[in-house]
Amino acid sequence: MSLISEESINTIRDKVNLVDVVSDYVALKKTGRSHKGLCPFHKEKTPSFVVDGQKQLFHCFGCQEGGNVFNFMMKVENLEFSEAVEFCAKKAGVAVDYVSREKGERTHSQKERHLKINKEAAEFYHYLLMKGDNGKVAREYLKKRAYGKNIATTFKLGYAPLSNRSLINVLLKKGYKQAEINALDLAHNIRGENRDRFFGRLMFPIEDARGNIVGFGGRALSKEGKPKYLNSSQTPLFNKSRQFYGLNLAKTDIVNDDQAILVEGYTDVISMHKGGFKNTVATLGTALTPDHVQILARFCSSAVMLYDSDAAGLKAAERSVEFINLTNLELLVAVLPEGDPDDYILSKGSKKLKEVLVNAVPVMDFCISQIIENADLSTSKKRLLAINKALNLIASLRNAILEQEYLQKLAKLVNVPIQGLTVEYNKKKKPDKENTAVKQSLTAVEKAENLLLAILAEKPDLAKNNRIVEPEDFFDEQNRELFKLLLANEGKDISKIVDETENALLVKRLSALCFETKPKNVKEAYIDLNKRIKGFALKREINKMKNVLEKTNPVDNQRQYDKLFKQLIALEAKRRDLEKISVGA
């Protein structure tokens, strides 16, 4: 597949209407020249998501997502850039022009080729399971678990034969290279001999949200097979910290139910789907990660982590507490009274499992109750250890309202007056006064820098009249980079600058700047802000110079002291002369 030409990208961006595209996902209401609605990227009750139809940019003041129409489609549909451009072209009824660039062409086609190799492998495994003579052992296993042909077809299950070169031989005959097969962890080299990575196993293809096969899991079908479960290692397509098993099949139900169910294994997912819980997915041999949480937050507002036991639940739940503030996804915990999901559905039925899920509790509630219930509270010291463990978890919330709520719950659980508990807790939450003071002193600087950048984003021609402020005068590093970016793209449309900017944080900041409230007299404000920012920069230099002078002994280092003192006088003079300087003349 060829790359899309720059001219075609510009044409598509100009033809497609961001308001129309966003309206397919968000109910927008016109407010002035902008449109407002509930953000599709995080849960909120008051609209903070704004679309500017004139600038063709969007920004959410809640989660800080922002950009142009391509950024929106990439985020909302989890698309690559080229896929987002193609989507918008179809929406606008515009043909896409492709060009061939040797290096880029090779990289892009390699991904397509890798996906095709995985698909070929999955089809090979699936054929052996469904029709191969040597797949009988796998078919018997599925029969014992009451998994019929429909299950095998829906989940594309397969069988990797005992021969350790079966898949290699098939793929080589189809024209694929050994290095490609090894790169996808379908084979590996042992003492100079290439062998299949999976053999004698029931195979579970792992698909991404769009149904592309990105990796595999395999379950040993004999007692000798070690380990029992084997997953693909990290490859150009597969990263277990970002993937779920079953997401492609579950995503529609997750959206409809506004909730996901998280389990621990492949067969757990299959049994849950078979039992009617089609919003179930599993992590792949790893604990829940920040990426997992952010991906799920795109589809629903809550996720129930379903565990086989209290002990396993507590260990995993404690690790997930740190993600409570990462997104607006509410993490809940439910624990089965006995067995795993497959056993529980078979013995108790789906109705009983639904009761377990309905009674799921927030992850923090579960952790605190388990810590106290499992602790030895027989002595004051042991009791204090359990309380401190719970307090440390509460401290990780970083939300005053939630912290107070859980302190009260903990006080009731351990039968301790809330006042005493709060005193101990506040010791752990002692504020850093020095950092607070620094943050407050930076507010005026940040406001000035942000406003100047917002003016330049809207009136890029003003940049050429800049005679005072230089990039190094900006205190905030990101503001410094934004200023450089705007100077380098003087006169360009802001939406095009967004297209050409690879740094995601800068894209979000650019979109935010466009929605900043600007003063009526932009040129006058621009002149004033130049002087203020330069003044702030000179003040920082003066303070730094004074600190150096204080540490320099004028008797032992008279020459050095005199030199520094002259520099200080010169800086002070520069600062005084700022008002006399005319900007933009």
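In what sense, parallel or antiparallel, do S17 and strand S18 (residues 361–362) pair? They pair in the antiparallel sense, over two bridges. The legends below concern a predicted model, in which local features need pLDDT of at least 70, side-chain atom pairs count only at pLDDT 80 or more, and totals for chains, interfaces and linings use all residues. Residues are numbered from 1 along each chain as its sequence is written, and side-chain values use heavy atoms, with hydrogens and water left out.

View 1. Strand S16 (residues 302–307) runs parallel to strand S17 (residues 330–335), and six bridges join them. Strands are DSSP runs of E with at least two residues, helices are runs of H or I with at least four, and both are numbered from the N terminus. Two strands count as paired if DSSP finds at least two bridges between them. Serine 302 has glutamate 330 in S17 as its bridge partner.

View 2. Four of the five residues of strand S14 (residues 259–263) are buried, where buried means under 20% relative accessible area, exposed over 50% and partly exposed in between (1.4 Å probe, protein chains only). S14 is joined to S16 by four bridges, and the two run parallel; glutamine 259 stands opposite serine 302 in S16. With strand S15 (residues 280–282), S14 pairs in the parallel sense over three bridges. There, leucine 262 has valine 281 as its bridge partner.

**View 3. Contact of helices H11 and H14.** The axes of helix H11 (residues 266–274) and helix H14 (residues 341–348) come within 8 Å and cross at roughly 30°. H11 is therefore roughly parallel to H14, a class for angles under 35 degrees; over 145 is roughly antiparallel, 65 to 115 roughly perpendicular and the rest oblique. Axes are lines fitted to C-alpha atoms, for helices over the stretch in contact, and angles run from 0 to 180 degrees between N-to-C directions. Asp268, Ser271 and Met272 in H11 meet Pro341, Asp342 and Ile345 in H14, contact meaning heavy atoms within 4.5 Å.

**View 4. The sheet S8-S11-S12-S13.** Four strands in this order form an open sheet with antiparallel pairing. Strand S8 (158–160) and strand S13 (229–231) are the edge strands, each pairing on one side only. Direction ignored, neighbouring strands of the sheet are turned by 35° against each other on average. S8 and strand S11 (residues 201–207) are paired over three bridges in the antiparallel sense, with tyrosine 159 opposite leucine 202 in S11. H6 packs on the sheet and touches S8, S11 and strand S12 (213–220); the direction of H6 makes about 75° with that of S11.

View 5. Ala138, Tyr141 and Leu142 are buried in helix H6 (residues 136–144). Seen down the axis of H6, the buried residues fall within an arc of 95°, so they line one face of the helix; the arc is that of the directions from the helix axis to the C-beta atoms. The face turned away from the buried side carries the exposed residues Lys136, Lys143 and Lys144. Alanine 146, which follows H6, has a positive phi near 65°.

**View 6. Surroundings of leucine 453.** Leucine 453 lies in helix H20 (residues 433–458) and counts as buried because its relative accessibility is 0%. Leaving aside neighbours within four places in sequence, leucine 453 is in contact with Phe474, Asn479, Leu482, Phe483, Leu486 and Leu513.
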